[in-house]
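Please consult the sequence and the structure while reading.

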Amino acid sequence: MRAGNEGAPVAAITFDVEMDAPPYMSSWVGVDEGLPAILELLEKYKVKATFFTLGLVAEKRPKAVAAIVDKGHELGSHGFSHKRLDRIPLREAVHDIMLSLKTLRDYGDVVSFRAPNLKLPPSLLPLLEMEGIRVDSSVARYKPPFRFKPYRERSIMRIPVSYPSSVLRLPWRVLRALFKPGPDYVVLLHPWEVVGVKCVARPDLTAGVGLGVLSNLGRLIEYLASVGYEFRVMGELVELYSSRIGV
């Protein structure tokens with residue numbers, strides 16, 4: 001892990017790279033147009049992020065995955081097909097994860113995982129452990145079982161997401177009030193949220209999406225940096241949190 005102030009608060013900027021608003025849409029505008037804009041913004045601020053990517057993205061949009069890695073960001077797994085792992089048979093879920101890791105590891109090391117919809121059956125943790133996953137971010141402060149702090153389960157560090165990605169669609173004054181200085185943050189966003197996609201079946205999913213989301217992300221990065229936050233990718237947080245929680 002890179003050198004830094006071990007006592008400083010940290011922020012991990014993370015993206016779930018997938019088709020637009022799954023399972024209601026199957027288009028790729030977010031990957032084709034939103035992802036390049038995100039990479040450009042991160043380069044502007046010299047921030048490295050973690051991209052939890054579907055194996056299907058590597059199959060359908062290999063240049064997009066290559067661009068993530070070429071820019072020096074961390075590549076994580078988001079499963080292969082975006083099927084809810086808690087709603088399919090265990091054998092199918094195992095196959096989905098294994099296929100995603102096989103596909104993504106053609107581009108580089110993958111040690112971080114996030115399940116679609118943040119729903120990871122506990123029965124899949126031994127598989128992740130066996131496959132060399134060190135970080136899982138399939139838990140959240142705002143979803144049952146409401147985990148607020150990182151914790152270790154088996155040999156995997158489980159790191160909660162701080163807020164749903166839709167908070168970045170809020171007015172900046174509200175967003176800034178949510179991100180109060182002090183705690184660590186894991187920021188979640190989807191590339192399709194920074195472009196103007198519209199979901200007819202679930203308009204609530206895409207209300208407020210667009211370039212304003214990308215602008216808010218930039219302002220959030222500037223703000224967190226101004227109050228002393230260090231930006232880390234998820235894989236770097238294993239040693240940091242291991243020392244903090246004493247495991």
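The second largest pocket of this predicted model holds about 310 Å³ of space. Its lining is formed by 18 residues, and those nearest the centre of this pocket are Arg141, Phe148, Lys149, Pro150 and Asp184. Two elements, strand 8 (185-189) and helix 9 (237-245), each contribute at least two residues to the lining. Helix 9 gives the most, with three residues. Sorted by class, the lining of the second largest pocket comprises eleven nonpolar, three polar and four charged residues.

The largest pocket has about 590 Å³ of space. It is lined by 26 residues, and Asn117, Lys143, His190, Trp192 and Leu205 lie nearest its centre. The lining of the largest pocket divides into eleven nonpolar, seven polar and eight charged residues.

| Space | Volume | Lining by class |
|---|---|---|
| Largest pocket | about 590 Å³ | eleven nonpolar, seven polar, eight charged |
| Second largest pocket | about 310 Å³ | eleven nonpolar, three polar, four charged |

The packing of helices is considered next. The axes of helix 1 (residues 29-45) and helix 8 (residues 211-226) come within 11 Å and cross at roughly 20°. Angles under 35 degrees count as roughly parallel, and helix 1 and helix 8 are therefore roughly parallel to each other. Their crossing is right-handed. On the side of helix 1, the contact is made by Ala37, Ile38, Leu41, Leu42 and Tyr45, while helix 8 supplies Leu214, Leu217, Gly218, Ile221 and Glu222. The residues of this contact comprise eight nonpolar, one polar and one charged.

Helix 1 also packs against helix 3 (residues 62-70), at an angle of about 10° and with the axes 11 Å apart. Helix 1 and helix 3 are therefore roughly parallel as well. In this contact, Val31, Leu35 and Leu39 of helix 1 meet Ala64, Ala67 and Ile68 of helix 3. Six residues of the contact are nonpolar, with no polar and no charged residues.

Notes
Residues are numbered from 1 along each chain as its sequence is written. This is a predicted model: local features need pLDDT of at least 70, side-chain atom pairs count only at pLDDT 80 or more; totals for chains, interfaces and linings use all residues. Side-chain values use heavy atoms; hydrogens and water are left out. Axes are lines fitted to C-alpha atoms, for helices over the stretch in contact, and angles run from 0 to 180 degrees between N-to-C directions. Helices (H or I, at least four residues) and strands (E, at least two) are DSSP runs, numbered from the N terminus. Angles under 35 degrees count as roughly parallel, over 145 as roughly antiparallel, 65 to 115 as roughly perpendicular and the rest as oblique. A crossing is left-handed if the near helix is turned anticlockwise from the far one by less than a right angle, and right-handed if clockwise. Contact means heavy atoms within 4.5 Å. Ala, Val, Leu, Ile, Met, Phe, Trp, Tyr, Cys and Pro count as nonpolar, Asp, Glu, Lys and Arg as charged, and the others, Gly among them, as polar. On a 1 Å grid over the protein atoms alone, a cavity is a set of points where a 1.4 Å probe fits but cannot get out, and a pocket is an open set with protein on both sides within 12 Å along at least five of seven lines; lining residues have an atom within 4 Å of a point. Grid points are joined across faces, edges and corners, and a volume is the space filled by probe spheres set on the points.
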